[in-house]
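Dear colleague,

I am handing over the structure we spoke about, and I would be glad if you could look through it alongside the notes that follow.

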Amino acid sequence: MADEDPNQQEHDGTPSQMPPLKAEAHGYTLFRVLDREFMIKVSKRRWAVVLVFSCYSMCNAFQWIQYAAINNIFMSFYGVSSFAIDWLSMCYMLAYIPLLLLVAWLLGKFGLRTIALAGSALNCLGAWVKVGSPQPHLFPVTVLGQVVCSVAQVFILGMPSRIASVWFGDDEVSTACSIAVLGNQLGIALGFLVPAVSAPNIDDPDELAYHISLMFYITAGVATLLFILVLIVFKEKPKHPPSRTQCLSYAFVSPDASFLTSIIPVFEKQNFVLLFISYGLNAGAFYALCTLLNRMVIFHYTGEGVIVGRIGLTIAIAGMLGAVISGIWLDRTKTYKETTLVLYIMTLVGMAGYTGTLNLGHLWIVYITAGIIGFSITGYLTLGFEFAMELTYPESEVVSSGLLNVSAQVFGIIFTISQGQIMDNYGTIPGNIFLCVFLTLGAVLTAFIKADLRRQRLLKMPWRSWHVTAPQAELGDGETGGLPAGL
């Protein structure tokens, strides 16, 4: 399917020039905004696009956590400190902060397909660099490969909401976003499980190098296959807008709008500022937990590296379930504020339970509390993107999701370093209590967020007879929310 302008006006026989009855008979929905008429229809390609994205996001997330999952083994193999191995995960967080503006500019300049190609290509390149690193003296090479993968992540992490809005209908967008996030969680699940199984804790460095090399080669092969799939499947946008929301974006959002110019109006919305902080606290706690999980478990269950993989797998699989359920629930109910608060409280309860049971020796309880954390925290991460879009509409979803991810990376680095130091000096329980304190703060901030669902209010308006002054009154507070002054 060729990439065509969904707002084409030439008389070329496409549905944009069909008579209304004929267009509706062909499965299109008429939507008129100002003096422009759109034909809405979802593309069959949309599922292939989101699944391919989910797969290469999975591969990138796998590479993020594969070192931290067997922290003790890589420490011994490369002869470095645990803090050095932690930085192989934290470099993902660090790379995102300065590179976000560049990627946002590239997205506006070259489009979604270019960003997808860049992300999958860098992910593939980083994987192949690491193939050359399974020798004890080649730690700098594995660092280089991981840094390349961390740059790839900047092209991936904020894209779920963008792909969902560009390709999916108004009643599918939350589900699509959850599927896109699902790949990341599946990658984390595999990142905990596969290294623990494929790289045993053995003393022979040559045999261990063989196992690590095999894991790196398989990862590079998968990354290469996914890059090829992106080349074949990924398109810039569907031929026709899939939703009324997307039609409004085509009609009202200026093509000259930049990421930087959108930041100020976004931060002028108090509800988004509260979400920005609370989201960062929640996601940062998740990043710290994943990065330090090996050190926590090994502290209480010496020599049980496989248990780390199983607990991490439990967190990730429960998270996948949480992402899907929260996406479907939002598409059905649109209860953003209520669902956000419930998931946040569940995360806090799960983290408190995990903190109190990790050292008791009853692993089945640890698995249950870890599952609660995974279900709620990942469901929240998916919901956060969608809630931010509602609070900041009609600003680009790239701006809101990008800023949420910046908050997550900043708190992720702070929490990982701080909790690691607390664990080294005082033990795992004080380290986890540290996270519980900040999750409590995040839950309180979430309770103060008002459900200012700007996009939903706009979509509830009678849309067959739009008038240029209607949306302004509906948005409230005298704001046009980035729409033209007369709107």
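In which helix is Gly126 found? Please bear in mind throughout that this is a predicted model. Gly126 belongs to helix H5, which covers residues 112-131. With a relative accessibility of 0%, Gly126 counts as buried, because the cut-off for that class is anything under 20%. Leaving aside residues up to four places away in sequence, Gly126 is in contact with Gln63, Gly145, Val148 and Cys149. Its C-alpha atom is also separated by 7.5 Å from that of Val147, a residue 21 positions apart from Gly126 along the chain.

The helix pair I would ask you to view next is H4 with H16. Helix H4 (residues 82-110) and helix H16 (residues 397-426) have axes that come within 10 Å and cross at roughly 160°. Since angles over 145 degrees are classed that way, the two helices H4 and H16 are therefore roughly antiparallel to each other, and their crossing is left-handed.

The residues of the contact of H3 with H4 divide into 3 nonpolar, 2 polar and 1 charged.

Helix H8, which runs over residues 173-198, has 26 residues and reaches 37 Å from its first C-alpha to its last, close to the 38 Å expected at 1.5 Å a residue. Of those 26 residues, 20 are buried, so H8 is largely enclosed by the rest of the structure.

Lys334 has a positive phi of about 60°, although it is not a glycine, and Lys334 is located in the loop between helix H13 (305-333) and helix H14 (336-357).

With kind regards

Technical notes: Residues numbered from 1 in each chain as written. Predicted model: local features only at pLDDT ≥ 70, side-chain atom pairs only at ≥ 80, totals over all residues. Heavy atoms only, no water. Helix = DSSP H or I, 4+ residues; strand = E, 2+ residues; numbered from the N terminus. Expected span 1.5 Å × (residues − 1). Buried < 20%, exposed > 50% of the residue type's maximum accessible area, 1.4 Å probe, protein only. Axes fitted to C-alpha atoms, helices over the stretch in contact; angles between N-to-C directions. Parallel < 35°, antiparallel > 145°, perpendicular 65-115°, else oblique. Left-handed = near helix turned anticlockwise from the far one by under 90°. Contact = heavy atoms within 4.5 Å. Nonpolar A, V, L, I, M, F, W, Y, C, P; charged D, E, K, R; others polar.
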